[in-house]
Amino acid sequence: MGTLRWLDILVIAVYLATLTGVGLRFSRRQKTTQRYFIAQRSIPGWAMGLSLLATLISSVTFIAYPGSAYAGDWSNLVPGLTVVPVVLVTVFVVIPFFRHAVGVSAYEYFGKRFGYGARVYSSLAYAAGHLSKMGFVFYLLALTVNSLAGWKIDYLILIVGAMTIGYTMLGGIEAVIWADVIQGLVLWLGVLICLCFLLLLPPGGPAAMLHAAWNSHKISLGSTAADFSKPTILVLSLYGFSYYLQRYTCDQTVVQRYLVARTDRQAVRGVLIGSLLCVPVWALFMLIGTLCWTFFKLTGETLPAQFARGDQAFPYFVTHHLPAGFAGLFIAALFGATMANLSSDLNSLAAVAVEDYYRLWFRGSSERAQLIAAKVAVLICGAICMAVASVLGHSNGSALSLWFTISAIVSGGLVGLFALAFLTPRANATGAYIGIAASLLFTTWAVSSLGAGNFPLHNYMVGAIGQVLCFGIGYLASLPFQSSPNTAPELTIWSWIRNNRVACEPSLKG
């Protein structure tokens with residue numbers, strides 16, 4: 001078992017068994033797709049908020065954030081900080097809009113505005129982005145446990161993937177959400193325990209640790225230069241704003257959280273709770289990475305050769321300097337964060353598969369057949385992301401930088417498409433398709449240029465530029481064409497505010 005002690009392994013086993021038990025507990029309720037995907041809108045706001053927190057927190061947070069801070073500074077925290085303005089801008093309009101405009105799938109809205117082709121494109125772009133993300137999350141978990149215990153990466157991916165697929169298939173969104181609540185509580189406990197040991201173990205205590213980190217410029221947010229060719233604060237802010245705007249406006253995993261809440265007010269409250277809690281969590285994990293660097297500097301201890309990467313420094317500290325049981329609690333939280341994040345995506349991908357494809361292609365299908373299709377979709381999507389994780393398992397480079405690059409490239413112009421649909425009554429299907437094509441052509445060129453070194457800007461800018469092109473060219477291309485009456489130009493922010501002001505205000509009050 002490598003450096004894992006029997007008490008650590010026992011804690012991990014009990015925790016994983018608890019998460020699996022949650023899935024079994026809710027399996028008996030899953031009789032309809034409405035229950036399976038949105039829990040018949042019965043989840044309290046606070047639970048939805050903690051579930052959203054777990055959806056946004058994964059092994060990327062546990063391992064890549066400390067690894068980034070250990071190897072450099074806090075510059076990679078900058079994208080996360082942009083979640084605050086994104087949430088404050090969108091939460092009070094976008095949430096009630098989606099709760100009344102769609103049934104289960106966020107991409108139903110694009111179909112209403114621009115036709116079924118836009119619905120297909122947006123759902124496929126979402127699926128491509130999240131399957132790559134899920135594979136990355138699997139990979140980071142397997143990499144970490146491999147460094148701790150020596151277990152083979154491919155076996156870890158297979159075991160954790162099978163467990164996650166199993167409880168997601170059985171328990172639906174209710175199992176996902178209540179497992180997320182447990183994970184959220186364990187997350188905070190694990191973070192506080194790790195911080196206490198990091199601050200108290202070295203000579204000189206907290207004062208010496210923080211003083212050394214500050215003097216070494218390890219808590220810097222990066223360069224303030226107006227340089228778009230490097231990961232400056234400006235570039236990271238643009239990337240973060242584009243990424244989180246996409247997540248809160250056209251990401252099925254997040255939009256589905258809006259739909260499970262009991263009321264509009266509880267949905268707004270839950271999103272504010274979950275989103276704003278993310279910022280201190282990300283900052284604390286950055287602090288953990290910095291303190292790991294300071295710990296090894298002050299104690300004179302060196303990492304073994306097999307732990308040379310920054311992403312592996314924090315896991316090494318956990319297993320070698322935390323008492324038995326405490327290390328197991330942290331690793332259990334890591335497993336739980338990964339499984340909670342993956343289960344959310346698997347359920348959402350299944351919702352897209354059923355609502356955007358199966359239900360429309362097989363209009364006479366029974367509720368039972370649709371539920372079976374949902375569970376098959378969970379199985380297939382889980383297998384795909386496990387395959388992606390196996391490929392990533394043999395890659396090199398910083399985990400967080402790799403994730404940022406992947407997520408920027410596969411964003412697919414969805415924010416631009418949403419802005420086109422939501423902000424501009426004049427936009428129509430022809431313009432939208434031209435905007436999508438422009439975004440795809442640019443992304444294809446930019447990605448090929450990255451490998452050749454010909455793209456003049458930093459790779460994080462690819463996604464943000466693609467969004468702007470989709471919106472700008474899509475709007476201009478719409479002007480020469482007439483809007484079809486079937487593309488619902490009334491489903492924009494302007495008509496929504498005008499026609500639903502009276503209806504929305506009472507709902508937001510309770």
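In which kind of crossing, left-handed or right-handed, does α11 pass α18? In this predicted model, α11 passes α18 in a left-handed crossing. Helix α11 covers residues 233–250 and helix α18 covers residues 414–423. The two helices pack with their axes 9 Å apart, at an angle of about 55 degrees. This angle makes α11 oblique to α18; an angle counts as roughly parallel under 35 degrees and as roughly perpendicular from 65 to 115 degrees, so a value between these two ranges falls in the oblique class.

Helix α7 consists of eight residues, 107–114. Seven of these eight residues are buried, so α7 is largely enclosed by the rest of the structure. The buried residues are Y107, E108, Y109, F110, G111, R113 and F114. For E108, the relative accessible area is 19%, and the residue is buried because the class takes in values under 20%. K112, in contrast, has a relative accessible area of 30% and is therefore partly exposed. The side chains of K112 and E108 form a salt bridge, with a distance of 3.3 Å from N to O. Both residues belong to helix α7, where they are four residues apart, or about one turn of the helix. The residue that follows α7 is G115, and its phi is positive, near 100 degrees.

Salt bridges were then considered for the whole model. Side chains of opposite charge can pair when their charged atoms come close. A salt bridge is counted here when a side-chain nitrogen of Lys or Arg is within 4 Å of a carboxyl oxygen of Asp or Glu. By this rule the count comes to eight salt bridges. One of them joins the side chains of R35 and E174, at 2.9 Å from N to O. This pair links distant parts of the chain, since R35 is in helix α2 and E174 is in helix α9 (residues 153–200), 139 residues apart. R35 and E174 are both buried. The pair also belongs to a network of salt bridges in which R29, R35 and E174 are linked. A further salt bridge connects the side chains of R247 and D251, with an N to O distance of 3.2 Å. Both R247 and D251 are buried.

Positive phi values were also found in residues other than glycine. Phi of Q40 is positive, near 50 degrees, and Q40 is not a glycine. Q40 is placed in the loop between α2 (33–38) and α3 (45–56). Its relative accessibility is 44%, so Q40 counts as partly exposed. H217 is not a glycine either, and its phi is positive at about 60 degrees. The loop that holds H217 runs between α10 (205–215) and α11. With a relative accessibility of 62%, H217 counts as exposed, because the exposed class begins over 50%.

On the surface, a nonpolar patch is formed by I372, V376, I380 and I384. Together these residues have about 320 Å² of accessible area. One of them, I380, is located in helix α16, which spans residues 367–392. I380 has a relative accessibility of 46% and for this reason counts as partly exposed.

The C-alpha atoms of S478 and G435 are 9.2 Å apart, while the two residues are 43 residues apart in sequence. S478 is placed in helix α20 (residues 461–478). Its relative accessible area is 0%, and S478 is therefore buried. In the second pair, A283 and P66 are 217 residues apart in sequence and 9.6 Å apart in space, from C-alpha to C-alpha. A283 is part of helix α13, which covers residues 264–299. The relative accessible area of A283 is 22%, so this residue is partly exposed.

Terms used. Residues are numbered from 1 along each chain as its sequence is written. This is a predicted model: local features need pLDDT of at least 70, side-chain atom pairs count only at pLDDT 80 or more; totals for chains, interfaces and linings use all residues. Side-chain values use heavy atoms; hydrogens and water are left out. Patches are made of residues with over 30% relative accessible area and no salt bridge: like charges are joined within 9 Å, nonpolar side chains (Val, Leu, Ile, Met, Phe, Trp, Tyr) within 5 Å. Accessible areas come from the Shrake-Rupley method with a 1.4 Å probe; for residues, only the protein chains shown count as cover. Buried means under 20% relative accessible area, exposed over 50%, partly exposed in between (1.4 Å probe, protein chains only). Axes are lines fitted to C-alpha atoms, for helices over the stretch in contact, and angles run from 0 to 180 degrees between N-to-C directions. Angles under 35 degrees count as roughly parallel, over 145 as roughly antiparallel, 65 to 115 as roughly perpendicular and the rest as oblique. A crossing is left-handed if the near helix is turned anticlockwise from the far one by less than a right angle, and right-handed if clockwise.
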